[in-house]
Amino acid sequence: MGNADYRKHNDGSLNSSTYHKKDGTKVRAILKRETEKEVEMETNCARCNVSFIDGKVSSIMSRFNLDIICSHCESKEKLHPAYHEAQLAELKAVQNGDYNFPGIGKPADL
Ligand SMILES: [Zn+2]
C-alpha cells in the first residue's frame with residue numbers, strides 16, 4: 001500500500017507541476033514571439049489598428065499606397081476626392097506593365 005501511494009504521488013507531481021509547467025511556459029513564449037512578429041507583418045489595419053487576426057475584419061491593400069487596411073478604412077478611402085485619381089494612376093501603371101506600382105501616396109487628410 002505504501003508503495004502504491006508513493007507512485008501515485010510521484011505521477012501526479014510529474015504531470016501537473018514539473019513536466020507541464022516547464023513545457024507550457026516554453027511554448028507560450030514562442031507563440032508570443034511569433035504573434036509579435038506577425039503584428040509587424042500587417043495583422044492590424046495600418047490606419048485604425050483594428051486586428052485582422054480573429055477574421056471579423058477583412059484586410060485589403062490601400063489604393064493610395066502599400067498599406068494593408070481594413071474594409072472600414074477602405075470605404076473611407078473610396079470617399080476621398082483623390083481616390084479616383086489613385087485608381088487611374090494604378091490602372092495606367094498596370095497598363096504600362098508596372099505591376100508593383102506603389103500608389104500615388106496617401107493624402108495628408110485621409
Ligand atoms: Zn482600419
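Two residues count as in contact here if their C-beta atoms, placed from the backbone, lie within 7 Å. With that settled, here is a quick tour of the model.

This is a predicted model, where local features need pLDDT of at least 70, side-chain atom pairs count only at pLDDT 80 or more, and totals for chains, interfaces and linings use all residues. Residues are numbered from 1 along each chain as its sequence is written.

**Confidence**

pLDDT is the predictor's confidence in each residue, from 0 to 100. The protein averages 80, and 63% of the residues score at least 70. Helix α2 (residues 71-78) comes out highest with a mean of 97, while helix α1 (residues 2-40) is lowest at 55. Over residues 15-20 the pLDDT stays under 50, and the model has three contacts beyond four places in sequence for that stretch. Where pLDDT is low, the predicted coordinates should not be read in detail.

**Layout**

Helices (H or I, at least four residues) and strands (E, at least two) are DSSP runs, numbered from the N terminus. The protein has three helices and two strands, running α-β-β-α-α from the N terminus on. Of the contacts with a separation of 6 or more, 41% are between residues 24 or more positions apart.

Burial goes by neighbour count: a residue is buried if 20 or more other C-beta atoms lie within 10 Å of its own, exposed if 12 or fewer, and partly exposed in between, with C-beta atoms placed from the backbone. Buried residues make up 9% of the 110 residues.

| Residue | Other C-beta atoms within 10 Å | Class |
|---|---|---|
| Asn49 | 10 C-beta atoms | exposed |
| Glu74 | 17 C-beta atoms | partly exposed |
| Leu88 | 11 C-beta atoms | exposed |

Asn49 sits in the loop between α1 and β1 (59-61). Its phi is near 70°, a positive value in a residue other than glycine. Most residues other than glycine have a negative phi.

Glu74 belongs to helix α2. Leaving out residues up to four places away in sequence, Glu74 touches Ile60 and Ile69. Arg63 is 11 residues from Glu74 in sequence, and their C-alpha atoms are 8.4 Å apart.

Leu88 is in helix α3. The C-alpha distance from Leu88 to Ile104, 16 residues apart along the chain, is 10.0 Å.

Helix α3 (residues 83-95) has 13 residues and reaches 18 Å from its first C-alpha to its last, close to the 18 Å expected at 1.5 Å a residue; the expected span is 1.5 Å times one less than the number of residues. Just after α3, Gly97 takes a positive phi of about 85°.
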